[in-house]
Amino acid sequence: MTDSLFDQLAVAIEAGHPAVLATAIEGDQAGAKVLVVAPERSDDLKVTATGWTDVQLERAVRRDAEAASTSGATSVRRYGRAGRLEGDAHRVFYEAFVPPPNLIIFGAVDFSAALARVAKVLGFRVTVCDARPTFATATRFPEADEVVVDWPDRHLAAVGADLGPRDAVCVLTHDAKFDVPAVVAALATDVGYLGAMGSRRTTEERARRLRDAGVTDAGFARLMAPIGLDLGARTPEETAVAICAEIVACQTGRAVPRLRDSKGPIHGVPT
């Protein structure tokens, strides 16, 4: 029985589909398993279970395994009797097998090259997209997994349906004809992080254009602009660290000093 379950897991991993294998490792259900596979989208989940006699605990493990297939988090959870969240009667190991998260960078600029380098260290699959073929080349962005010559909104129309909470979009274009359509298109996806670079003045001007384009307060709440944590970053590499740190903070739900929420200068003053 478990061989069939592991066969399903192997097929999912080979196909690049998110999967979570939950195994009871402590308690009277030890050895029981739940496998969750998301073949295409989160509402297409395939769930297989084996070895359970506690129906309520199995139901709780199914629920948490489905959540882990979205977050991509490997963890150990404790449960009380009958699947209650309080107590230590059971421990379940959730092992997540998920493709790398996507980072789409709009704008073939120096900051993009630095961001691609740092993001690869964090395990992202990086795409750099720009409508200008002279700048959007694999030679300029060797760390990127893909360099796309296209308009941002058109590229997102092609790939946006596949973006989810673990993915990120960074708009570094500094040009209204690129960044406004890019932000609007990104807000129409389920991407977990959306940030846009620019000075305070650029951010204010962009916000006016975005409101004219129909972006609501809920949309602005998702947009990190100016992009990055308030680290006083000056160089492209420091800025890339500030952006990636903000992406991590958004994923973990930590309250951190964001440039969006501060009023001071964006760049540090050399001493």
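Trainee: Let's start with helix α4 (residues 152–159): which of its residues are buried?

Mentor: Buried means under 20% relative accessible area, exposed over 50% and partly exposed in between, with a 1.4 Å probe and protein chains only. Helices (H or I, at least four residues) and strands (E, at least two) are DSSP runs, numbered from the N terminus. In α4, the buried ones are Pro152, His155 and Leu156. This is a predicted model, in which local features need pLDDT of at least 70 and side-chain atom pairs count only at pLDDT 80 or more, while totals for chains, interfaces and linings use all residues. Residues are numbered from 1 along each chain as its sequence is written, and side-chain values use heavy atoms, leaving out hydrogens and water.

Trainee: What do the buried residues of α4 pack against?

Mentor: Look for contact, meaning heavy atoms within 4.5 Å. The partners are β6, β7, β8 (146–149) and α5.

Trainee: How do I read the sheet that holds β8?

Mentor: Two strands pair if DSSP finds at least two bridges between them. This open sheet has six strands in the order β8-β7-β6-β9-β10-β11, with parallel pairing. β8 and β11 are the edge strands, each pairing on one side only. Four bridges join β7 and β8, and Glu146 in β8 is the bridge partner of Thr127.

Trainee: And the nonpolar core: which residues touch the most other members?

Mentor: In soluble globular proteins, nonpolar side chains tend to be buried together. A nonpolar core is a set of buried Ala, Val, Leu, Ile, Met, Phe, Trp, Tyr and Cys residues joined through side-chain atoms within 4.5 Å. The largest one has 25 residues, and Leu103, Leu115, Val126, Cys170 and Ile243 touch the most other members. Helix α3 gives the largest share, five residues. Leu115 touches residues including Leu103, Cys170 and Ile243, leaving aside those up to four places away in sequence. Another core, of 22 residues, lies apart from this one and includes Phe106 and Leu210.

Trainee: Leu210 belongs to α6; which residues of α6 are buried?

Mentor: Thr203, Arg206 and Leu210. They fall within an arc of 65° seen down the axis, so they line one face of α6. The face turned away carries the exposed Arg201, Glu204, Arg208 and Asp212. Just after α6, Gly214 has a positive phi of about 100°.

Methods. The arc is that of the directions from the helix axis to the C-beta atoms.
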